[in-house]
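Hi,

Here is the structure I promised to pass on to you.

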Amino acid sequence: MSSKEDIENLIQREKRALLDPPTFDQYYLSVSPPELGSSPAPFLADCTGSPRSYPRRLSTSLEAYSENSGRGLLDDVTTSVSLRTSNSTKKLGLIGTVPTFFVLLISFGFATLIVAWVLTHQDDDPESGGLGIAAAIRNGSFVLNEGKRSEEQAQPHVILRVLMFSALASHLISVTSAFLMTVVAYRAAAQWLSSSETCTLSNPTPLQFGLLCRTLGSSNVMGFLKSLQYVLRGTSRRASLAPMFKKALFTSAGIYILTHAVGVADIWLHGTTFSTPAMRPGPFTEPAAFGVDFNSTLCSDRHSRKAKLPCLCSREGWAFNYTDVIRTGYSTSFNQSDSAFRVITLANENGTAIVIPGPNTSYSQTTFVANTFAARAQCKSINNLCDRVPEGTGTYTGNCSNIGYPTIPYILPDDMGIADYVFGFVNGSMAGQAEGIPDFPKGKWLTPNPTSLVLQLRWSLHLNTDLVINQGESAVDVFPTPWVTLYATCELAYYNATVKYHPSTDSWELLNSTLSSPDFTSILWAPLIYQHATDQIRGSVIGIAMNRNAQDGVMAALSQNLGRNALSQVAGALQPVPALEVHLMRPVVLGLYPAAPLLFLIGLLYLYSGLALAIFVVSCTANYRAIVIPREMTGKGRDSERSALDLVQTYLTDPVPMVSELFPGWDGKDRERSVAKDALDMVYDGEGSRERLRIGLQVGTGRFGLWRRTGRESFAI
């Protein structure tokens, strides 16, 4: 047991410790029995360096503690070896760099990952509105190709990865707030060390220190709210706020706001994002004969103007020696399933007809660009423009010389009446009434493009002769009964066209078209002049003419059907050719991410990383003297140093060092423990009932609290 002189030396050291208040255990629990009834006087210090009052008998308390604890009390205070301050300074070390790196990895890393993923997976289809952030802002959303959709699954699905990244970032950001608080604590530690060199109001009060420790150490919103409650108290109810307390609290508030704003942005993004199936192109390696060209084997030179007649034309008929050509033309005209081609009309291209692959060609899963042929007709009714002949209660078309067609109506030889004809006109000459193209004067068969046609169609009404039709607006004549007659002039243009097929909508797009040459046009229109399509054209307009007798409706139907049949009849002279830019369309899922919440989330993550970096840089500029640990304490044969900045940061984020102040070990190692690198090593953690803490209301002091057993205390709870 220590001598009386050692105890007196200890008392003298305590008097010289100006700002080292006694611990709870030393003061409240180690007093001798006669003093238990009196309340302790506070420990006060002024700037002169001497304590104002400290009435308790410390020697008595230390003797009591030593007597009851059974340990050498003065082993920790009588040695000549002690900690000292180094002349060198220490800046923020690895322990402050690691949490900052983790925060930046999560915030800056996820923000950059989302931006990179969005920009590299944007859908490049023109229907998606274009690439880039500016295009997404303009369109209101980012359209991302999320990958192939498996058709084998009952409910095809893919992972919307941006939502996954957003959820991970939102969750991990809430975790990183604890790490960022440790960096904030370094800045507060530097300010506290600086203000502690002078006795000023810049130092925090015990309550402010406790609140700051709870706020920075727990990263709990309740701790922050409790600190905020303290700040909002009136100045009459609290002490003035230390600058380091205010700065640390405001910085913590910014971190809490950003952390929860990221969560709100994540919920906003999840609530507004949706997906939709789509078809997108991929590689296609199989033969793709989806284009159309003229079969040059049928003609030695299809563009020769020196020939007596156009290719495939003769006095015997059109393609007279090519039965397959004629058969294919009729099968195409009637849209039969075994036809090599089909002719469709593009409604959004003014009724333009185009030749496409037949029903047996499998191209529904591909997109491609192909060369083909197109035709467009513009027809005009001339029934009411020609001279009119009275008949009963109405009139009918007499002669069209007044509009430049003296042979219309064309009456069959021997006055056999009016029949169905499609006449071709070239420079005032008419053909089609007898032998077809040979009806033109010799060598005058070359037609300009667009071609000029006159249609004369007649069918029987087979209805009551009293049927009355408004003659002024009618596209047909109903006299003489029972005949219905239609006369129209048409301009028919042929084109070399380029089209694109869209499998997602099963539609065709006309990319460009140029008028075919007069030589080639003279070949293409020949089946019409040979009357190969006349019956089909008449049949297609009968129903329209008898139900919608207005000229506009009838002429629109006539124009559409004339263009379609003009290409159908010549389809036998065409052949499939390879298409261009062929891609196999794959089923994919498109993710539509609204631009506002996504950019808001990215901005918050970058702002959070910027805040973390700024706090780290400011903390790095702070430095403070190091604490030298003598070699006798380290046991390594050399002195070591411990950063005072790291120590204060530990006090601000961990309550364990305060426990070491309240309950020292008195085993000769308290000094070493006070500068331990791990907070777990700062507190004596001995065995035995005397080292266990008790809590409750202590009899005699009338105080509720913690104490360590000394053998003489009594408690009520």
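**A leucine in a loop**

Leu232 sits in the loop between helix H8 (221–231) and helix H9 (243–272); helices (H or I, at least four residues) and strands (E, at least two) are DSSP runs, numbered from the N terminus. Please keep in mind that this is a predicted model, in which local features need pLDDT of at least 70 and side-chain atom pairs count only at pLDDT 80 or more, while totals for chains, interfaces and linings use all residues. Residues are numbered from 1 along each chain as its sequence is written, and side-chain values use heavy atoms, with hydrogens and water left out.

Leu232 is exposed, at a relative accessible area of 66% (buried means under 20%, exposed over 50%, partly exposed in between, with a 1.4 Å probe and protein chains only). Together with Val221, Met222, Leu225 and Leu228, Leu232 makes a nonpolar surface patch of about 460 Å². Patches are made of residues with over 30% relative accessible area and no salt bridge, with like charges joined within 9 Å and nonpolar side chains (Val, Leu, Ile, Met, Phe, Trp, Tyr) within 5 Å. The areas come from the Shrake-Rupley method with a 1.4 Å probe, and for residues only the protein chains shown count as cover.

**Salt bridges**

How many salt bridges are there? The count comes to four, taking a side-chain nitrogen of Lys or Arg within 4 Å of a carboxyl oxygen of Asp or Glu. Here are some of the pairs:

- Glu435 pairs with Arg315, with the closest N and O atoms 2.4 Å apart. Glu435 is in the loop between strand E11 (429–431) and strand E12 (451–460), and Arg315 in the loop between strand E4 (291–294) and helix H10 (323–333), so this pair links distant parts of the chain, 120 residues apart. Glu435 is partly exposed at 32%, whereas Arg315 is exposed at 52%.
- Arg327 and Asp324 form a salt bridge at 2.9 Å, N to O. Both lie in helix H10, three residues apart, about one turn of the helix. Arg327 is exposed at 51% relative accessibility, and Asp324 is exposed at 54%.
- Arg538 pairs with Asp420, with the closest N and O atoms 2.6 Å apart. Arg538 lies in helix H13 (residues 534–547) and Asp420 in the loop between strand E9 (394–397) and strand E10 (421–426), so the pair ties together parts 118 residues apart in sequence. Asp420 is buried at 18%, while Arg538 is partly exposed at 25%.

Happy browsing!
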